[in-house]
Amino acid sequence: TQSRSSAASDVYKRQILLRVRVLAGISPRAAAAGDEGLLRRSKGVEPDYIKAARECADKLRELASDVDREATYPHESLKIVQDSGLLAAVAPESMGGYDLGLKGDMWGLYRVIDILASGCSSTAQIITVHYAAMGVVKAIGSDAQMAKFADASAKGETFCFLGSEPSQRFTDTGGRIKYDSTADRVKDGWSVNARKFFATGSVGCKYMMPVSYTHLRAHETDS
């Protein structure tokens, strides 16, 4: 009787977790694929990326006060994250990552950032925007693009995120009302017209992920 009850409980957990992931915007297929990972965590099995984040946080904590006091870019701290393998954490497992974030494990992404921030909030902020950019690549980019940036991340190359604009206004909850920058399709690619005044992680980044409005014709929306 107890084993049947336990089995029924596991089935119920799978159903609930699947619904939660779908409601969070994850496709049913991805939600089902990630379901077992969530169940393992609920049973107390700590994923490798959580262990890696805890080890990083311990090391980051030793450097954090100097980073804050000197107001410097945390190059050494980011090298620690790189050496742990966490810079590429958003990439699919087939490309050396942990498949965190968009189209993967959102809980894992937030947990890693939370743990890293307990060691050094400055480093965690840079990692957050890097993860956001990598998530965009995973969500709408090609496999070749994802592989390129997964390899770059493993080598310590990061993204900065260009969102803030001088004329921007915000809602009461902090949401951005509009962007004045534009990105228009041209013959050989894209023409970006933008004025940004802040880019988190720009000091040490290799790549940029700008946020701009696009003006696409109907037949181009799938490009």
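Trainee: Which residues does L116 touch, leaving out those up to four places away in sequence?
Mentor: This is a predicted model, so the contacts are computed from predicted coordinates. Contact here means heavy atoms within 4.5 Å. Leaving out residues up to four places away in sequence, L116 touches A53, C56, L60, L86, A124 and I127.

Trainee: Which residues have the most contacts inside the largest nonpolar core?
Mentor: That core has 39 residues. L116 is among those with the most contacts inside it.

Trainee: What is the distance between the end C-alpha atoms of α5?
Mentor: Helix α5 covers residues 106-119, which is 14 residues. At 1.5 Å a residue, α5 should span 20 Å. The distance in the model agrees with that: 21 Å.

Trainee: How wide an arc do the buried residues of α5 cover around the axis?
Mentor: The buried residues are G108, L109, V112, I113, I115, L116 and G119. They lie on the same side of α5, because the arc they cover around the axis is only 165°.

Trainee: At the start of α5, which residue's side-chain oxygen reaches the backbone nitrogen of W107?
Mentor: Look at the start of the helix. The oxygen comes to within 3.2 Å of the W107 nitrogen. The residue it belongs to is D105.

Trainee: Which elements do the buried residues of α7 pack against?
Mentor: Helix α7 runs over residues 143-154 and reaches 16 Å from its first C-alpha to its last. Its buried residues are M146, F149, A150, A152 and S153. They sit on the same side of α7, since their arc around the axis is only 160°. Their packing partners are α4 (75-84), α6, β1 (159-162) and β5 (207-210).

Trainee: Which exposed residues does the opposite face of α7 carry, turned away from its buried side?
Mentor: Exposed means over 50% relative accessible area. On the face of α7 turned away from its buried side, the exposed residues are D143 and A144.

Trainee: What is the phi of G156, which follows α7?
Mentor: G156 comes after the helix. Its phi is positive, near 95°.

Trainee: How far is the nearest cysteine sulfur from C205?
Mentor: A search of the whole structure finds zero disulfides. C205 is in no disulfide, and the nearest cysteine sulfur is that of C160. A disulfide needs the sulfur atoms within 2.5 Å. For C205 and C160, the distance is 3.6 Å.

Trainee: Is C205 buried or partly exposed?
Mentor: Buried means under 20% relative accessible area. C120 is buried, at 2%. C205 is at 22% relative accessibility, so C205 counts as partly exposed.

Trainee: Where does A71 lie?
Mentor: A71 has a positive phi of about 50° although it is not a glycine. A71 is also exposed, with a relative accessible area of 69%. A71 lies in the loop between α3 and α4.

Trainee: What is the relative accessible area of D99?
Mentor: D99 lies in the loop between α4 and α5. Its phi is positive too, near 60°. D99 is partly exposed, and its relative accessible area is 25%.

How values were computed: Residues numbered from 1 in each chain as written. Predicted model: local features only at pLDDT ≥ 70, side-chain atom pairs only at ≥ 80, totals over all residues. Heavy atoms only, no water. Helix = DSSP H or I, 4+ residues; strand = E, 2+ residues; numbered from the N terminus. Expected span 1.5 Å × (residues − 1). Buried < 20%, exposed > 50% of the residue type's maximum accessible area, 1.4 Å probe, protein only. Arc of directions from axis to C-beta. Polar contact = N/O pair within 3.5 Å; in protein donor to acceptor, adjacent residues only side chain to side chain. Core = buried A, V, L, I, M, F, W, Y, C linked by side-chain atoms within 4.5 Å.
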